[in-house]
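Student: I am new to this structure and would like to learn how to read its features one at a time. Could you take me through them, giving the general idea before each case?

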Amino acid sequence: MSSTQEFDAIVVGAGHAGIEASLSIARAGYQVLMLTMDKEAVGRMSCNPAIGGLAKGHMVREIDALGGQMGMAIDATGIQFRMLNRSKGAAVWAPRAQADKKQYALYMSRIVADEANITFREGQASELLRRNGSCYGIRTKDGDVLLGRAVILTTGTFLQGLIHIGEINYPGGRRGEKPAVGLSDSLREAGIELVRFKTGTPPRLDAHSIDWRSLEEQKGDDPPPPFSFRTRELTVNQISCYLTHTNEKTHEIIRKNLHLSPLYAGKIHSTGPRYCPSIEDKVVKFAGKSRHQIYLEPEGLDTDEIYVNGLSTCLPEPVQYDIVHSMQGLDKAKFIRLAYAIEYDCAPPTQLRHSLETKAVRGLFLAGQINCTSGYEEAAAQGLMAGLNVIRALRGEEPFVLDRSEAYIGVLIDDLVTRGTNEPYRMFTSRAEFRLLLRQDNADERLMKYGAGFGLIPRELYDATLRKMVNIKEEISRLKQLYHGKNSLHQYLKRPEISYNHLIKNGLHESNLVVDEQLRVESEVKYEGYINRQIAEVKRFKKLEKKQIPQNTDYTRVRGISHEAREKLTKVRPGSIGQACRIPGISPCDLSLLAMHLEKCANR
């Protein structure tokens with residue numbers, strides 16, 4: 001029997017995007033319905049049991065500074081913590097952690113269950129409810145009508161999901177889980193374009209069947225570096241990961257069986273991730289490479305399941321066995337789960353505003369893999385930003401948008417909305433023009449004021465952050481006034497071989513700063529010249545961002561611009577000259593003509 005219920009917001013999906021979206025809105029005091037097809041799948045890590053990495057770790061710290069949950073979750077359930085790039089300067093360090101996959105999901109389930117403003121419900125969304133260009137709810141497959149002032153779709157790989165293993169394919173959102181059917185048709189009826197993308201996952205092996213002694217061990221850092229600014233220190237019994245490699249025998253097996261891969265047999269026509277390719281793609285596209293790294297990563301403390309990072313494939317079962325058994329340490333490995341590829345529907349993100357609200361339907365927001373992205377961190381960042389913008393919309397306030405100079409999250413969303421993507425999007429440090437300012441260690445300084453403004457950051461934590469910023473500023477000033485020989489300690493610290501800790505250990509300086517503050521001081525001093533240059537670049541960037549373009553601009557009336565520019569400007573509808581600059585295919589000449597047109601319109 002069908003029923004009708006009403007909420008402030010409806011979040012469809014309980015993955016990384018859905019969790020952050022739901023928690024943020026609920027913690028702001030609004031009633032949220034969290035709808036999922038499987039109550040046991042909250043926060044499930046469907047692929048790699050890890051959080052963070054280059055650029056991704058930066059985003060997790062940004063999520064944490066804004067009041068999100070992912071950083072706290074991995075601190076509570078991590079089994080190995082590392083700070084990547086430690087051999088380089090602190091400005092390019094990035095945190096990464098292996099998670100206990102089961103405990104991570106259980107932690108997130110408890111957090112969601114304990115939030116009084118979240119109603120958690122099992123069901124499948126099959127239709128958007130629309131009226132006068134706005135979304136006011138959804139209808140489930142069972143016929144229930146769920147009303148909401150805003151709807152966020154975080155459907156992951158479930159929209160019309162199709163799993164491939166060799167010549168076998170069958171519907172599924174993940175292995176052993178049903179796909180979401182019907183919602184794709186409803187999105188198209190609402191005027192939202194959908195495309196097909198592909199991703200994949202490697203096999204899982206039995207830990208007892210692996211010869212660990214023949215493999216290269218990779219230990220965690222001691223002490224383990226936490227993700228969350230709310231975590232003072234971590235006490236973790238860390239476990240190791242191990243490294244093996246493919247070899248010529250492995251590659252020969254793959255080449256002989258390429259015709260059995262759906263990727264090369266023409267059964268999969270959708271686009272896969274460039275930066276996380278299948279082993280078939282690696283062997284074909286990097287034919288001159290004699291081996292590829294394969295990391296063996298434990299999926300938890302109380303499981304024998306080992307994730308084979310780097311061996312994503314959709315070759316048939318017997319071929320998968322041959323591939324794995326050809327590698328060092330894996331000749332007797334037993335399979336727990338086969339690798340597979342999955343195709344799914346997603347929506348090209350140029351159809352979104354920077355708030356992640358769709359242009360076609362008011363009140364409808366999209367977050368996560370439905371926006372053509374890949375990765376838990378990218379999904380969580382979008383989910384949080386969609387949630388914060390729903391809060392703004394419910395309050396009748398302007399959208400909350402982070403720009404490219406403020407956060408990797410700002411880069412992520414601007415890239416998606418402005419440039420679009422023709423493959424699953426993954427964040428890299430190289431995508432950020434101002435990456436020296438967007439370090440993992442200063443995410444609190446950059447973003448915690450916003451988290452506090454939304455009421456998602458405790459006042460005492462924000463006050464502690466403000467004190468920390470004062471401590472760092474005062475210490476840098478003090479270093480300029482203290483001398484070692486003819487040079488100030490500030491100048492002395494600029495030398496590549498000198499660390500802040502060196503000053504203390506050698507009796508050149510005394511300090512009451514905690515370790516995090518010391519590292520921040522060191523980064524600020526060593527990169528001062530580069531930082532000042534980037535600050536100047538940010539000022540120029542902000543100037544272009546302030547040159548607004550009215551949303552009702554008729555680009556057919558802009559004389560002289562190219563057909564491509566007119567088409568893309570009409571599709572993206574940039575909010576500023578700065579955003580228009582970043583649209584692929586827009587030339588400096590097109591921008592000049594557009595600026596002249598806007599000036600004429602303003603003077604009429």
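Tutor: Let us start at the surface, keeping in mind that this is a predicted model. Four residues, Arg557, Arg559, Lys600 and Arg604, gather there in a patch of positive charge.

Student: Where in the fold is Arg559 found, and is Arg559 buried or exposed?

Tutor: Arg559 is found in the loop between helix H16, residues 528-546, and helix H17, residues 563-572. Its relative accessible area is 77%, and since exposed means over 50%, Arg559 is exposed.

Student: How should I read a strand, and what can be said of strand E12?

Tutor: The general idea is that in a regular strand the side chains alternate between the two faces of the sheet. In this structure, strand E12 covers residues 195-201 and is mostly covered, with five of its seven residues buried.

Student: Which strand is joined to E12, and how many bridges join them?

Tutor: The partner is strand E19, residues 340-346, which runs antiparallel to E12 and is joined to it by seven bridges. To place the pairing on particular residues, look at Arg196, which stands opposite Asp345 in E19.

Student: What is the idea behind a salt bridge, and how many salt bridges are found in the whole structure?

Tutor: Side chains of opposite charge can pair when their charged atoms come close. A search of the whole structure finds 41 salt bridges. One of them is formed by Glu177 and Arg44, whose closest N and O atoms are 2.7 Å apart. Glu177 lies in the loop between strand E11 (168-171) and helix H5 (183-189), while Arg44 lies in the loop between strand E2 (32-36) and strand E3 (50-52), so this pair ties together parts that are 133 residues apart in sequence.

Student: Which residue forms a salt bridge with Lys542, and where do the two partners lie?

Tutor: Lys542 forms a salt bridge with Asp403, and the closest N and O atoms of this pair are 2.5 Å apart. The pair links distant parts of the chain, with Lys542 in helix H16 and Asp403 in the loop between helix H9 (376-394) and helix H10 (408-419), 139 residues apart. As for cover, Lys542 is partly exposed, with a relative accessible area of 29%, while Asp403 counts as buried at 17% relative accessibility.

Student: What can be said of the side chains of Arg439 and Asp441?

Tutor: Those side chains meet in a salt bridge, at 3.0 Å from N to O, and both Arg439 and Asp441 are buried. Salt bridges can also share partners, and in this way Arg404, Asp414, Asp415, Arg419, Glu433, Glu545 and Arg582 are joined into one network.

Student: Let us turn to the backbone. Which two residues are joined by a cis peptide bond?

Tutor: The cis peptide bond joins Asp222 and Pro223, with an omega of about 5°. Pro223 lies in the loop between strand E14 (216-218) and strand E15 (241-245).

Student: What is the phi of Gln160, and what is the phi of Leu356?

Tutor: Gln160 has a positive phi of about 55° although it is not a glycine, and Leu356, which is not a glycine either, has a positive phi of about 75°. Gln160 is placed in the loop between strand E9 (145-153) and strand E10 (162-165), and at 29% relative accessibility Gln160 counts as partly exposed. Leu356 lies in the loop between E19 and strand E20 (364-366), and with a relative accessibility of 0% Leu356 counts as buried.

How values were computed:
Residues are numbered from 1 along each chain as its sequence is written. This is a predicted model: local features need pLDDT of at least 70, side-chain atom pairs count only at pLDDT 80 or more; totals for chains, interfaces and linings use all residues. Side-chain values use heavy atoms; hydrogens and water are left out. Patches are made of residues with over 30% relative accessible area and no salt bridge: like charges are joined within 9 Å, nonpolar side chains (Val, Leu, Ile, Met, Phe, Trp, Tyr) within 5 Å. Accessible areas come from the Shrake-Rupley method with a 1.4 Å probe; for residues, only the protein chains shown count as cover. Lys and Arg count as positive and Asp and Glu as negative; His and the chain ends are not counted. The place of a charge is taken as NZ of Lys, CZ of Arg, CG of Asp or CD of Glu. Helices (H or I, at least four residues) and strands (E, at least two) are DSSP runs, numbered from the N terminus. Buried means under 20% relative accessible area, exposed over 50%, partly exposed in between (1.4 Å probe, protein chains only). Two strands pair if DSSP finds at least two bridges between them.
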